[in-house]
Structures are given as structure tokens and as C-alpha cells.
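Subject: Structure handover

Hello,

Here is the structure I promised to pass on. Please open it first, then read the notes below it.

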Amino acid sequence: MNTYRETIGNKLNNLLEKTYDAENGFKKAAEKTNNNFLKGYFDKKANERHNFGQELKAEIRAYGQEVETGESITAKAHRTWIDVKTLFATNNEEAILEEAIRGEKAATKEYAEVLNETTLPPSTLQVLSKQKKAIDLGITNIKTLEDLA
């Protein structure tokens with residue numbers, strides 16, 4: 001049976017994996033666009049996710065748990081989908097933005113599930129709430145960019 005520390009550590013490691021996935025996805029999106037503004041935006045989002053990862057690692061270590069590294073199979077499939085979609089899309093940027101929105105919505109769902117945990121320590125609750133708020137704002141920003149694309 002998992003201890004409380006292991007349970008929280010596992011949940012945070014799952015979010016960390018998704019954060020790595022998002023960071024790599026934003027890097028891939030930056031590579032795929034020819035629009036310099038979007039390239040800069042995606043680079044900024046990749047850097048944001050890198051910072052999220054550092055915060056999550058600190059929380060995981062605070063629970064005496066081991067930080068897992070790697071990338072999920074789902075992320076690899078998602079980035080492959082970005083590659084395929086950009087090959088066939090007439091508006092490359094719009095396709096990339098649609099995929100970014102889809103990925104960000106999935107991330108907010110993951111965060112909400114962990115945040116619904118009633119026994120989260122205050123430090124973890126604060127970090128996750130801040131990160132989810134940034135992701136939610138990112139969805140709004142990407143939707144605005146999509147309207148402009």
C-alpha cells in the first residue's frame with residue numbers, strides 16, 4: 001500500500017511527465033511555424049513549462065520521493081500528429097494552434113484532478129494552482145492567436 005508521500009509523489013511525477021511533454025510540444029510547435037511572433041510565443045511557453053518542471057521537481061523532492069524523467073507515449077503521438085497535421089493543413093499556424101489548445105485543455109484537466117485532492121499540502125497546492133492558472137491564461141491567449149492566424 002502506498003504511503004501518503006508516495007501517493008502525492010506519484011501524482012506530481014505524473015504532472016511532471018505531462019509538463020515535459022508540453023515543453024517538448026511547444027518546442028516542436030516553434031520549429032514548425034514560419035511566423036516569428038508565434039515562434040517566440042511557443043519558445044516562451046516551452047520555457048514556462050521548463051520552469052514548471054523545476055518547481056514540480058522541488059515539490060517531489062520535498063516529499064522524499066524520486067523524480068521520474070521521461071516522456072509519455074501520448075506526447076510522442078501528439079507531436080507526431082502535429083507533424084502530420086502541418087503537412088496537410090492549408091494554414092500551418094492554425095493547425096499548430098489548434099493542437100496547442102487541445103494539449104493545454106488536457107493539461108488543465110490533469111491539474112484539476114490533482115488539485116481536487118483534499119489533502120494536498122499548502123506548498124503543493126500553491127504551486128499547482130499557480131501553474132494551472134498560467135495554463136488557463138495560455139488557452140485564452142492561444143485562442144486569441146488562433147483568431148488572428
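First, a term for what follows: helices are DSSP runs of H or I, at least four residues long, and they are numbered from the N terminus. Asp 136 and Lys 132 are four residues apart in helix H5, so about one helical turn separates them. The two form a salt bridge, with their closest N and O atoms 2.9 Å apart. Asp 136 is partly exposed, at a relative accessible area of 29%.

Please keep in mind that this is a predicted model.

The overall picture

The chain has five helices and zero strands. Read from the N terminus, the order of elements is α-α-α-α-α. The chain holds 149 residues, and 42% of them are buried.

The salt bridges

Side chains of opposite charge can pair when their charged atoms come close. How many salt bridges does a search of the whole structure find? The count is seven. One of them is the Asp 136 pair described above. Two others are worked through here.

Start with Lys 45 and Glu 48. Their salt bridge has its closest N and O atoms 2.8 Å apart. Both residues sit in helix H2, which covers residues 36-62. They are three residues apart there, so about one helical turn lies between them.

Is Lys 45 buried or exposed? Buried: its relative accessibility is 5%, and the cut-off for buried is under 20%. Glu 48 has a relative accessibility of 22%, so it counts as partly exposed.

Now take Lys 130 and Glu 55. Their side chains meet in a salt bridge, at 2.7 Å from N to O. This pair links distant parts of the chain. Lys 130 belongs to helix H5, residues 122-148, and Glu 55 to helix H2. The two are 75 residues apart.

Then go to helix H5 for Asp 136 and Lys 132. Finish with Lys 130 and Glu 55, the pair that links H5 and H2.

Best wishes

Technical notes
Residues numbered from 1 in each chain as written. Predicted model: local features only at pLDDT ≥ 70, side-chain atom pairs only at ≥ 80, totals over all residues. Heavy atoms only, no water. Salt bridge = Lys/Arg side-chain N within 4 Å of Asp/Glu carboxyl O. Buried < 20%, exposed > 50% of the residue type's maximum accessible area, 1.4 Å probe, protein only.
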